[in-house]
Amino acid sequence: MSRINDVGGMHGFGPIDTHDDEAGFHHEWEARVFAINRLLLKAGTYTLDEFRYAVERMDPQEYLAASYYQRWLHAIETLLAEKGVL
Amino acid sequence: MSHDHEGSAAVSNRVKLLVTALQERSVLTEAQLDDTVEKLLLHSKPANAFAMVARSWVDAAYKARLLADANAAAAELGIDLSHWSPVKLRAVENTPVSHKVIVCTLCSCYPIALLGPSPTWYKSEAYRSRVVRDPRSVLAEFGVSLPDEKEITVWDSTAEVRYLVIPQRPAATENATEAQLAAMITRNGLIGTALL
């Protein structure tokens with residue numbers, strides 16, 4: 001079954017904003033989310049596959065409305081709850 | 001950011017609460033977080049990939065090793081990819097008849113250790129959805145017009161493999177030093193959305 005993250009070949013997302021070329025973090029919290037994920041992966045709290053799966057099974061509307069690192073945050077919170085860490 | 005349905009201040013607060021909870025359970029510390037961000041900003045930068053590509057232009061044996069095992073070729077130049085393990089890096093080469101471009105349609109996998117954090121457009125649904133279907137028009141939006149007879153190959157990243165494009169060496173650079181060559185390379189050139 002195709003999930004909303006599987007956008008390859010989909011129509012309707014419009015032109016690419018090639019000028020939105022900013023690389024890096026727009027907000028301090030984004031860097032923190034990146035670091036939390038890196039540390040939890042390193043600690044073996046979850047695997048990269050589990051992390052990706054947690055992003056991919058987000059509710060489609062929530063997925064499309066969320067920014068890139070909001071999706072990460074959502075996945076981290078989901079996995080920590082499912083694994084009984086938090 | 002236009003996609004912020006939840007205000008940034010609210011998300012920032014959510015992250016603060018998460019960090020506090022993880023600290024209380026001794027899962028991680030504030031110092032570890034700061035250290036991780038600092039290391040990322042210090043070591044994950046495009047200069048890493050620029051050095052690898054410039055070396056491959058002046059040293060055919062290095063290029064062969066880069067194409068055969070890019071992780072080992074990075075390590076040769078002192079670029080540490082250990083945190084990335086077991087992700088495999090694969091270099092794909094532009095030729096006079098074939099142009100390469102990379103994407104991650106399923107999420108936004110990217111050789112961050114070699115290029116730094118990815119640009120916003122790389123993570124956009126617009127790029128991810130269309131570059132695999134109509135790469136020629138996508139490249140045109142980036143100002144890259146390729147002749148019809150030039151083949152375009154799109155490499156779609158997975159959880160296990162990340163790609164890096166080796167562009168063609170710019171013309172008339174026979175006398176350029178490795179450092180001068182490295183300075184001619186751009187990040188988008190190594191994604192495939194720019195020519196050098």
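Modeller: Start with a term: two residues are in contact if their C-beta atoms, placed from the backbone, lie within 7 Å. Keep in mind that this is a predicted model. Now take the contacts in chain B with a separation of 6 or more: residues 24 or more positions apart account for 66% of them.

Next, the setting. Chain B holds 10 helices and 4 strands. Their order along the sequence is α-α-α-α-α-β-β-α-α-α-β-β-α-α. The C-alpha atoms of chain B fill a box of roughly 60 × 35 × 25 Å along the principal axes. Of its 196 residues, 36% are buried.

The part to study is helix α2 of chain B, residues 30–43. How does its length check out? Helix α2 of chain B has 14 residues, and at 1.5 Å a residue they should span 20 Å. The end C-alpha atoms of this helix are 20 Å apart, so the two values agree.

Now its sides. Which residues of α2(B) are buried? They are B:Leu33, B:Thr36 and B:Leu40. These three cover an arc of only 65 degrees around the axis, so they sit on the same side of α2(B). An α-helix has 3.6 residues a turn, so residues three or four places apart point the same way. Turn to the other side of α2(B), and B:Glu30, B:Ala31, B:Glu38 and B:Leu42 are exposed.

What do the buried residues of α2(B) pack against? Their partners are α1 of chain A and α1 (8–24) of chain B. That brings in the other chain.

The contact between the chains takes 42 residues from chain A and 46 residues from chain B. On chain A, three helices each supply at least two residues of the side that touches chain B: α1 (28–43), α2 (48–56) and α4 (68–82). The most comes from α1(A), with 9 residues. By class, this side of chain A has 22 nonpolar, 10 polar and 10 charged residues.

For contrast, look at B:Ala68 in helix α4 (residues 60–68) of chain B.

Terms used:
Residues are numbered from 1 along each chain as its sequence is written. Chains are lettered from A and ligands numbered from 1 in the order in which they are written. This is a predicted model: local features need pLDDT of at least 70, side-chain atom pairs count only at pLDDT 80 or more; totals for chains, interfaces and linings use all residues. Ala, Val, Leu, Ile, Met, Phe, Trp, Tyr, Cys and Pro count as nonpolar, Asp, Glu, Lys and Arg as charged, and the others, Gly among them, as polar. The expected span of a helix is 1.5 Å times one less than its number of residues. A residue is buried if 20 or more other C-beta atoms lie within 10 Å of its own, exposed if 12 or fewer, and partly exposed in between; C-beta atoms are placed from the backbone. The arc is that of the directions from the helix axis to the C-beta atoms.
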